[in-house]
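Hello,

Here is the structure I promised to pass on to you.

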Amino acid sequence: MTGYLRFETRRTLRDAKFLLFAVALPVGLYLLMADRFIDQGAPASYVMGGVAAFGAMKAALDVGARTAVERGIGWQRQLRLTPLSGSGYLLAKASVAMVVALPPVAGVSLVAALVSGVHLSAGGWAVAVLGVWAGTVPFALLGLLIGQFATAQNLQAYQGAVVLLLSFVGGLFIPVSTFPQALATVAKVLPSYWLAQVGHATAPGGDNWQAALVLALYALVLGAAVVVRYRRATARA
């Protein structure tokens, strides 16, 4: 698995266009949104946390969901003929998704510090960067799950729908407190809501312990679902 992980990491990091988009999109969104929300009274660190969570979530989802293309061209079938185990393959893919999820968080945090003057303690920056990054694990697994259900033809539709739902209903861009009651209830069921709570924990009054617990539970459930789906696909192959 170690050799395959190195191979996948190098292959992904060589995709300069993908990495550039993964960082440029959330940084651009932050620059577009920051002044408006800050003028409305939101702390810059609050805006930073939501956009950084979006960038990490989308990057992790995109990497995991790419397995749909690999499945479609028979790459997974070929790997089953090698000593690489199914769990090793899935763990390597999830690990690469986490590698790619870190630059967007770091990029948004750096821009927020330089452009908006966000100042945090060492612990605050650890939550803002490493906390959001660690909270992305469920989304790496969700991307893998999408990749096991989607095909190369409908993958973009799956990804687009999931990203829109998690981003806007999950409260990454718009505070859930402004939602109608019914929509706010739905938002709190989504893992993106809890990832946003981790990002927003750097703002005054923020707290992320409950969010960390919920995200850990999501990771366990989604991890089990990925394994079950992959085993069923293997049995049919």
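**Salt bridges and core**

Arg11 is partly exposed, at a relative accessible area of 36% (buried means under 20% relative accessible area, exposed over 50%, and partly exposed in between, with a 1.4 Å probe and protein chains only). Glu8, at 1% relative accessibility, counts as buried.

Before going further, two notes on how to read this. This is a predicted model, in which local features need pLDDT of at least 70 and side-chain atom pairs count only at pLDDT 80 or more, while totals for chains, interfaces and linings use all residues. Residues are numbered from 1 along each chain as its sequence is written, and side-chain values use heavy atoms, with hydrogens and water left out.

Back to that pair: Arg11 forms a salt bridge with Glu8, with the closest N and O atoms 3.0 Å apart (a salt bridge is a side-chain nitrogen of Lys or Arg within 4 Å of a carboxyl oxygen of Asp or Glu). Both residues lie in helix H1 (residues 2-13), 3 residues apart, about one turn of the helix (helices are DSSP runs of H or I, at least four residues, numbered from the N terminus).

Glu8 also forms a salt bridge with Lys93, where the closest N and O atoms are 3.1 Å apart. Lys93 lies in helix H6 (residues 86-115) and Glu8 in helix H1, so this pair ties together parts that are 85 residues apart in sequence. Lys93 and Glu8 are both buried.

By this rule there are 3 salt bridges. The one still to mention is between Asp62 and Lys58, with the closest N and O atoms 2.9 Å apart. Asp62 and Lys58 are 4 residues apart in helix H3, about one helical turn, and both are buried. Through shared partners, salt bridges join Glu8, Arg11 and Lys93 into one network.

Now for the nonpolar core (a set of buried Ala, Val, Leu, Ile, Met, Phe, Trp, Tyr and Cys residues joined through side-chain atoms within 4.5 Å). The largest one has 75 residues, of which Tyr30, Met57, Leu61, Phe139, Ile146 and Leu166 touch the most other members. Helix H3 (residues 44-65) gives the most to this core, with 14 residues. Leaving aside neighbours within four places in sequence, Leu61 is in contact (heavy atoms within 4.5 Å) with residues including Phe139, Ile146, Val162 and Leu166.

Finally, which helix is largely enclosed by the rest of the structure? Helix H11 (residues 191-200) is, because 9 of its 10 residues are buried; among them are Tyr193, Trp194 and His200.

Best wishes

Terms used. Helices (H or I, at least four residues) and strands (E, at least two) are DSSP runs, numbered from the N terminus.
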